Amino acid sequence: MGMLIKNGTVVNATGSERADVLIEGERISVVGAGLDEIGHKVVDATGLLVMPGGIDMHTHLDMPFGGTTSADDYTTGTQAAAVGGTTTVIDFALQNQSSTLQDALDTWLKKSDNKACIDFSLHMAVTNLHGKNGEETLREMEAMVKFGITSFKLFMAYPNVLMINDELMFRVMQKSAELNALCCIHAENGSAIDIVVAQMLAEGKTEPHYHALSRSSKAEAEATHRAIALADMCGAAVYIVHLSNEYALDELKFMQQRGARALAETCTQYLVLSIEDQMPGKSWEEAKFVFTPPLREKRHQEPLWGALCDGSLAVVSTDHCPFRFADQKELGRGDFSKIPNGGPGVENRLQILWHFGVNAGRISPERFVELCCTNPAKIFGMGKKKGSIAPGLDADILLWDPKVEYIISAATQCMATDYNMFEGWTVRGNAVKVFSRGQLVVDNTAQPGKFLGETGRGRFIKREANAGGLA
Ligand code: URP
Ligand code: ZN
Ligand code: ZN
């Protein structure tokens with residue numbers, strides 16, 4: 001007996017059709033009109049859109065950072081993702097500078113063990129190279145790729161903690177090119193930013209607002225150009241994470257037009273939040289919006305939306321890195337540089353992008369699926385398993401009601417923070433039912449906001465090395 005999703009509209013990146021979807025075991029077996037229901041359990045999707053489960057390729061669960069640890073662990077973080085319609089996350093394992101990539105992998109596998117509730121994968125952040133000319137660590141990159149970790153993260157910001165120099169970046173890029181892996185880049189000029197931060201603090205500018213002013217769009221644009229140029233020199237494929245502003249976008253587009261193998265994402269928050277609205281410099285509450293890159297002036301939002309339409313930006317992720325306001329953000333009261341950087345968002349990505357993207361007429365439902373599901377799967381080497389509604393793929397399926405209204409609030413969310421960045425916003429469009437490998441894990445009509453699967457059921461997904469799908 002299979003499970004038959006009937007009477008819905010199947011939305012893929014390539015188009016939409018009235019079709020039924022048959023799930024057998026953990027996979028989709030048939031997609032077609034008028035499928036026979038005899039012998040199957042039927043799920044009625046009348047009036048609903050049947051979409052692939054979301055893939056958020058940028059989360060930080062249970063991550064030590066800024067003197068504390070991100071508030072969602074693999075259980076609360078993946079449950080929150082599922083409740084919002086996301087069925088796969090790609091999290092980051094961070095190499096400790098004095099240790100190995102294998103150690104980092106072991107640490108993150110332990111964090112997720114018996115805790116992940118949906119499928120997940122990992123990027124490996126390289127923070128130091130060991131051995132002559134970095135050979136030991138570069139060799140470890142081969143082992144990572146064999147294990148299914150096919151993307152490497154490089155931080156150009158956070159001096160003395162995670163920041164790498166150009167030499168390390170170039171060596172990792174050369175090795176990635178050899179391995180057909182993808183380099184994910186946090187692009188901000190960390191050295192220049194740290195000088196500005198110190199100067200601002202010395203002038204008594206300690207409030208959260210100055211965090212945003214200390215990390216200029218130009219510092220991001222410079223690093224974006226440098227990373228893509230270095231990758232271009234050695235034939236590596238790069239993916240710029242959390243691109244936040246028009247200047248960085250200009251550099252990306254310039255290099256893409258010149259044939260560089262460069263992809264990029266933006267995040268929900270940069271599309272709808274701004275310095276003017278969320279961080280005008282009036283209160284400590286603005287610490288809720290301290291993340292890096294910071295919020296930008298409103299005028300940067302439309303160029304980002306434009307880039308989601310013209311294809312220069314390929315993905316919308318969240319950079320979900322949650323810290324509680326009451327006790328964790330508090331660590332930076334009186335010194336914005338000590339506020340743990342990051343915001344919660346994994347639960348609300350699809351609602352926000354649907355409401356402000358699809359409902360506002362900026363993107364089509366098909367492009368929504370492409371940005372949130374299909375492109376992340378293909379770029380990160382799991383397009384044969386996830387990211388589309390097609391026979392043979394995992395039955396990670398989202399039944400989406402485009403008409404239902406939902407009020408976002410920390411009071412009802414699953415994320416472990418005591419605030420929500422979109423508190424009180426009413427959005428139209430929400431996940432109704434969510435299936436992960438064929439199992440109903442969320443039913444927001446019958447049991448709103450509740451994860452129904454067993455804790456720890458999520459599996460590590462091995463990914464292919466495909467250089468971001470770029471030729
Ligand atoms: O503020 C942020 N984004 N925190 C998480 C780490 C990072 O840079 O992505
Ligand atoms: Zn980052
Ligand atoms: Zn991040």
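In this predicted model, P293 is found in the loop that runs between α10 (275-278) and α11 (301-310). The peptide bond leading from T292 into P293 is cis, and its omega is near -15 degrees. Most peptide bonds are trans.

| Residue | Atom of the residue | Distance to an oxygen atom of ligand 1 |
|---|---|---|
| Y158 | polar side-chain atom | 2.6 Å |
| H186 | polar side-chain atom | 3.0 Å |
| T292 | backbone N or O atom | 2.8 Å |

The report now turns to the chain as a whole. The domain assignment divides the chain into domain 1, made of residues 3-51 together with 388-443, and domain 2, which covers 54-386. A distance of 27 Å separates the C-alpha centres of the two domains. Contact between them involves 37 residues of domain 1 and 49 residues of domain 2. About 3,600 Å² is buried between domain 1 and domain 2, and 64% of this area is on carbon and sulfur atoms. On the side of domain 1, the residues that lose the most area to domain 2 are M415, Y419 and M421, which together account for 20% of what that side buries.

The rule finds 15 residue pairs in polar contact across the interface of domain 1 and domain 2. Five elements of domain 1 each give two or more residues to the side that touches domain 2, namely β2 (9-12), β3 (15-18), β7 (49-52), β18 (397-407) and β19 (426-436). Of these, β19 provides the largest share, with eight residues. Sorted by class, this side of domain 1 holds 22 nonpolar, ten polar and five charged residues.

Side chains of opposite charge can pair when their charged atoms come close. Between domain 1 and domain 2 the count is three salt bridges, while a search of the whole structure finds 28. K386 and D396 form a salt bridge through their side chains, at 2.7 Å from N to O. Another salt bridge joins R437 to E26, where the closest N and O atoms are 3.3 Å apart. R437 sits in the loop between β19 and β20 (439-443), and E26 sits in the loop between β4 (20-24) and β5 (27-32), so this pair ties together parts that are 411 residues apart in sequence.

The phi of N7 is near 70 degrees, a positive value in a residue other than glycine. Most residues other than glycine have a negative phi.

Terms used. Residues are numbered from 1 along each chain as its sequence is written. Chains are lettered from A and ligands numbered from 1 in the order in which they are written. This is a predicted model: local features need pLDDT of at least 70, side-chain atom pairs count only at pLDDT 80 or more; totals for chains, interfaces and linings use all residues. Side-chain values use heavy atoms; hydrogens and water are left out. Domain bounds come from an automatic or database domain assignment. Contact means heavy atoms within 4.5 Å. Buried area is the accessible area (1.4 Å probe) that two parts lose on being put together, summed over both. A salt bridge is a side-chain nitrogen of Lys or Arg within 4 Å of a carboxyl oxygen of Asp or Glu. A polar contact is a pair of N or O atoms within 3.5 Å; within protein, one must be able to donate a hydrogen and the other to accept it, and residues adjacent in sequence count only if both atoms are side-chain atoms. Helices (H or I, at least four residues) and strands (E, at least two) are DSSP runs, numbered from the N terminus. Ala, Val, Leu, Ile, Met, Phe, Trp, Tyr, Cys and Pro count as nonpolar, Asp, Glu, Lys and Arg as charged, and the others, Gly among them, as polar.
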